[in-house]
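Please open the model in a viewer and keep the selection panel at hand. The stops below proceed from one selection to the next.

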Amino acid sequence: MSENLQHLRDQIDALDASILQLINQRAALAQSIGRLKNGSVYRPEREAQVLRRIKELNPGPLADEVAARLFREIMSACLALEKPLAVAFLGPLGTFSQSAAIKQFGHAAAMHPCASIDEVFRDVAAGNADYGVVPVENSTEGAINRTLDLLQDTPLKVCGEVDLRIHHHLLRKHAGLEGVTVLYSHGQSLAQCHEWLNRHLPEVPRMQVASNAEAARMAAADEAALAIAGEAAAEIYGLTRLHDNIEDEPNNTTRFLVISQHDASASGRDKTSLLMSAHNRPGAVVELLQPLAQHGVSMTKFESRPARSGLWEYVFFVDLEGHRDDASVAAALAALHDKAAFLKILGSYPVSVL
């Protein structure tokens, strides 16, 4: 048996050496591409194509998502040989926004935690960060209104999206629930775990704080406190996970947008986000939807927000299937220019892969 085990280990060692050599060959090619482009080789559409291809080629036994995450990190490390991408996100460290940023850019990117969504936009607009990652909607709690409002005013583009499954954990500095006096968490997380908390911790006072990472930090400093936060926050602040996945909705997912000075070229499976408003006349909103139907363009999101330009005026946030350069989408957008009182293309970008 020991001879068989050693034989298998020898095979693994040989494969590891081959994998290491191939990864470095890939890194050298990425460097060559960077020199030809005279700058960063990061292109959202290209990375989406690579990750989709990896999932299609994956023979197992690794799950498709695991294989894609491994290649995401390889690409992240290769990009960092030129210059690590600077990515702004809603901090502090340990938030779900950071997890979304890592999911999109890998651990080799330089992460810049920001105190607010506004600061993320400002950092990217000022060139202090190459990209920003901001939450835009949650599958159970709905739209993140501050992000929608800022998209109205910013010159920045949307160049990507990240869908992140949200798993909440009940955390404490040590094991057990004896002597607990308070539970800290962000308001949205408290709402997403409302029924679980009512069943298991009905008597524990709940305190809203600015973020789940801040809740974890506070629980790490108070032995009588609990926190609801994600896995990253538990690791950063050295907390014990008392209960895992306590969210009421098992498919709870938050969608994040990636903002930058540019959007993305077509990847083969894309979305286009835009803002538009209707003229103040009967049937005007229906008129806005007609070009989409006429040109066979599917709409996946239609959300209204106050336009901030006048009383009782509204702007619609719309997501379309397809890239702005696709013939059908381009024709629909051209028709919308004639029908809308206001139209702003926020960007085209690859559909979230992982």
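This is a predicted model: local features need pLDDT of at least 70, side-chain atom pairs count only at pLDDT 80 or more; totals for chains, interfaces and linings use all residues.

Begin with the aromatic side chains: select Y42, F105 and Y131, which ring pairs link into a cluster. A search of the whole structure finds 4 aromatic pairs. One of them is formed by F105 and Y131, whose ring centres lie 5.3 Å apart with 35° between the planes, a tilted arrangement. Colouring by secondary structure shows that this pair links distant parts of the chain, since F105 belongs to helix 4 (residues 96-105) and Y131 to strand 3, 26 residues apart. Are these two residues buried or exposed? Both F105 and Y131 are buried.

Next, select F302 and F316. Their ring centres are 4.8 Å apart and their planes meet at 15°, so this pair is stacked; the cut-off for that label is an angle under 30 degrees. F302 is located in strand 13 and F316 in strand 14, so the pair ties together parts that are 14 residues apart in sequence. The two partners may then be compared by accessibility. F302 has a relative accessible area of 34% and is partly exposed, whereas F316, at 11% relative accessibility, counts as buried.

Of its 8 residues, 6 are buried, so strand 14 is largely enclosed by the rest of the structure. Which strands are joined to strand 14 by bridges? Strand 13 (residues 299-306) runs antiparallel to strand 14 and is joined to it by 7 bridges; here F302 stands opposite V318. Strand 12 is also antiparallel to strand 14, with 6 bridges between them, and in this pairing M276 stands opposite F316.

From strand 12 (residues 270-277), proceed to strand 15, which runs antiparallel to strand 12 and is joined to it by 8 bridges. To locate this pairing, select D270 together with its bridge partner in strand 15, P350. Strand 15 (residues 342-350) is mostly covered, with 7 of its 9 residues buried.

**Helix 5 and its cover**

Now select helix 5 (residues 117-125) and display its buried residues: I117, D118, V120, F121, D123 and V124. What covers them? The cover includes strand 1 (86-90), strand 2 (110-114), strand 3 (131-138), helix 6 (145-153) and strand 11 (253-260). Just after helix 5, select G127, which takes a positive phi of about 85°.

I19 is found in helix 1 (residues 2-37), and its relative accessibility of 46% places I19 in the partly exposed class.

**The whole chain**

Finally, clear the selection and view the entire chain, which has 12 helices and 15 strands. Along its principal axes, the C-alpha trace spans about 75 × 60 × 35 Å. Of the 354 residues, 46% are buried. The accessible surface comes to about 17600 Å², and 53% of that belongs to carbon and sulfur atoms.

Note on methods: Residues are numbered from 1 along each chain as its sequence is written. Side-chain values use heavy atoms; hydrogens and water are left out. Helices (H or I, at least four residues) and strands (E, at least two) are DSSP runs, numbered from the N terminus. Buried means under 20% relative accessible area, exposed over 50%, partly exposed in between (1.4 Å probe, protein chains only). Contact means heavy atoms within 4.5 Å. Two strands pair if DSSP finds at least two bridges between them. Rings of Phe, Tyr and Trp (its six-membered ring) pair if their centres lie within 6.5 Å; planes under 30 degrees apart count as stacked, over 60 as edge-to-face and the rest as tilted. Accessible areas come from the Shrake-Rupley method with a 1.4 Å probe; for residues, only the protein chains shown count as cover.
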